[in-house]
Amino acid sequence: MKDAFKKVNQTYYLIFTLTILFTIIGYFFVLNNFSSTVSTGFVATILEVLLVVYIVVSSIAGFVLFNSSKKKLRNIENEKDRFFPYIKSANLRLYLIGVGLLAGILIFYVLRSSFILYCIAVSAIELIVCKPSEERIKTDLDLKNSD
């Protein structure tokens, strides 16, 4: 179980590290005035709508797929055989949410739209809710003994 926790935790912190990196890079682009795009216009509206649609769809898909995967994994008799599929499904959920977060940061620095901050906040909260822990893995997989 500790191996499963480490792998999912690595993905989780990789996404947060990339978030910080993208934020710093975006800040320097704004500081040096590389991007002078205004947050109005057809392209800006399309980018905002696409981001919102992606965040909503990926959030729902990530949580639904993860919950259905958990239910299937609980039916596997051997507890050790549950870990690899759990890692895959937990990482998939984190990737789906993380892509929305990172795309939101990039779009925010390109458009400088305050509306995008709400999308970033929703993705960040979802990512925090998905924070892996050993206790959560035990609960998700319905494990009897600790490994």
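Hi everyone, let's start with a pair of charged residues: Lys7 and Asp3 form a salt bridge, with their closest N and O atoms 3.6 Å apart. Both residues sit in helix α1, four residues apart, which is about one turn of the helix. Please keep in mind that this is a predicted model.

How exposed are these two? Lys7 has a relative accessibility of 37%, so Lys7 counts as partly exposed. Asp3 is partly exposed as well, at 46%.

In one of them, the side chain of Lys70 meets that of Asp140, at 3.4 Å from N to O. This pair links distant parts of the chain, since Lys70 belongs to helix α2 (residues 42-74) and Asp140 to helix α5, 70 residues apart. Are these residues buried or exposed? Lys70 is buried, with a relative accessible area of 16%. Asp140 is buried too, at 7%. The cut-off to remember here is that buried means under 20%.

Now for the salt bridge between Glu134 and Lys2, where N and O are 3.6 Å apart. Glu134 lies in helix α5 (residues 134-141) and Lys2 in helix α1 (residues 2-31), so this pair ties together parts that are 132 residues apart in sequence.

To recap, Lys7 and Asp3 pair up within helix α1, Lys70 and Asp140 link helix α2 with helix α5, and Glu134 and Lys2 tie helix α5 to helix α1.

Definitions and conventions: Residues are numbered from 1 along each chain as its sequence is written. This is a predicted model: local features need pLDDT of at least 70, side-chain atom pairs count only at pLDDT 80 or more; totals for chains, interfaces and linings use all residues. Side-chain values use heavy atoms; hydrogens and water are left out. A salt bridge is a side-chain nitrogen of Lys or Arg within 4 Å of a carboxyl oxygen of Asp or Glu. Helices (H or I, at least four residues) and strands (E, at least two) are DSSP runs, numbered from the N terminus. Buried means under 20% relative accessible area, exposed over 50%, partly exposed in between (1.4 Å probe, protein chains only).
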